[in-house]
Amino acid sequence: MDGLILINKQKGFTSHDVVNVIRKKLNTKKVGHTGTLDPNATGVLPILIGKGTKISKYLMEHDKTYIATLKLGEKTDTGDSEGQVIEEKSIPKDLRKEDINDVLQSFLGKQKQLPPMYSAIKINGKKLYEYAREEKEVKIEPRNIEIYKIELLEYQNNKIKFEVECSKGTYIRTLCEDISQKLGTVGYMEELQRTKVNTFKIEDSILLDDITLENAEKNIIKIEKVFKEKDKINLDNKKLEMFLNGVKLTYSLSEDIYRIYNNEHFIGIGILKNGLLKRDIVI
């Protein structure tokens, strides 16, 4: 069983917890995940099985879509509901949905974002949340992100529910704090659901409790299908032997990732660069 399974992660599980459960249920050690999801967040978590673990590097760069609930009036040390309240501030009484929407739209486009201290980003070999727990100061460099779409879904009881499509590396906790600041108050991310990772949607995900060997085989997305948008190159037997032995093949095609076939049988993935096709993943 080689490929990818979409898990609809429930609250309370770390991404590594999900990997461990699936290892036991499917009786295989070759399981990995892409795009870590915090324990208190829910939603789409792509899980790689068998030779599918080889495609991890291609899935890390994917854009993502979230539905977040921002609670106004309180700020926590972690930026989410897991932390301790460190500040309280009144919410403007005349705050309207139109005002909120205007602020949300102001975040569209490319920008720099300062990652939260409670994150797994490493500086000098140590994770930021480890510095935070030790109450040590460390310089954090802002990162380039992009917000493609952001939409207000609901505003009631001092809570803003919104949907956001964004680039890899975007921290929704930080976005929630920045939105609150622009609204003249403070806030934290109360709920987070990831509904999409690239083309992988929550509707196609299954709960961890529902994973069985039979169900996994039914729901696995084969490696060939993951790269279905990429063009294919069909190799004859001689070129296939060269390709498998690591020999670079000459092609006058655009630089890109290609699906490799032999007699219409899927072989794996090749990368074409500077006119040379080289082996990357062989199934």
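Start by selecting residues 3-9 and 42-49: strand β1 (residues 3-9) and β3 (residues 42-49) pair in the antiparallel sense, over seven bridges. Strands here are DSSP runs of E with at least two residues, helices are DSSP runs of H or I with at least four residues, and both are numbered from the N terminus. Two strands pair if DSSP finds at least two bridges between them. This is a predicted model: local features need pLDDT of at least 70, side-chain atom pairs count only at pLDDT 80 or more, and totals for chains, interfaces and linings use all residues. Residues are numbered from 1 along each chain as its sequence is written, and side-chain values use heavy atoms, with hydrogens and water left out.

**Stop 1: around β3**

Pick G3, then look across to I49 in β3, which stands opposite. Strands of a sheet pair through backbone hydrogen bonds, either parallel or antiparallel.

β2 and β3 pair in the antiparallel sense over three bridges. Click H33; I47 in β3 is its bridge partner.

Click T42; its bridge partner in β12 is Q193.

How many of the residues of β3 are buried? Eight of its eight residues are buried, and the strand is mostly covered. Buried means under 20% relative accessible area, exposed means over 50%, and partly exposed lies in between (1.4 Å probe, protein chains only).

**Stop 2**

Select N27. Is N27 buried or exposed? N27 is exposed, because its relative accessible area is 70%.

Jump to N158. It sits in the loop between β10 (143-156) and β11 (159-166). N158 is not a glycine, yet it has a positive phi of about 60°. At 38% relative accessibility, N158 counts as partly exposed.

**Stop 3: Y155 in β10**

Select Y155 in strand β10. Y155 is buried, with a relative accessible area of 17%. Which residues does Y155 contact, leaving aside its neighbours within four places in sequence? They are L72, I91, L95, K97, I100 and I160. Contact means heavy atoms within 4.5 Å.

Y155 and L175 are 20 residues apart in sequence and 17 Å apart in space, C-alpha to C-alpha.

**Stop 4**

Select H62, in the loop between α2 (56-59) and β4 (64-72). H62 is buried, because its relative accessible area is 15%. Leaving aside its neighbours within four places in sequence, H62 is in contact with K168, V197, N198 and F200.

Move to E203, in the loop between β13 (200-201) and α6 (213-219). Is E203 buried or exposed? E203 is exposed, with a relative accessible area of 59%. E203 and T170 are 33 residues apart in sequence and 23 Å apart in space, C-alpha to C-alpha.

**Stop 4: an open sheet of five strands**

Select the five strands in the order β15-β17-β18-β19-β16. They form an open sheet with mixed pairing. β15 (232-234) and β16 (249-250) stand at the edges, each with a single partner strand, so one side of each is left without a neighbour in the sheet.

Strand β17 (residues 256-262) runs parallel to β15, and three bridges join them. Click N234; Y261 in β17 stands opposite. Then show helix α8 (residues 237-244), which packs on the sheet. Helix α8 touches β16, β17, β18 (265-273) and β19 (276-282). The direction of α8 makes about 70° with that of β19. Axes are lines fitted to C-alpha atoms, for helices over the stretch in contact, and angles run from 0 to 180 degrees between N-to-C directions.

**Last stop: the whole chain**

Zoom out. The secondary structure comes to eight helices and 19 strands. The C-alpha trace spans about 75 × 40 × 40 Å along its principal axes. Buried residues make up 45% of the 283 residues. Take contacts between residues at least 6 apart in sequence: 67% of them join residues at least 24 apart.
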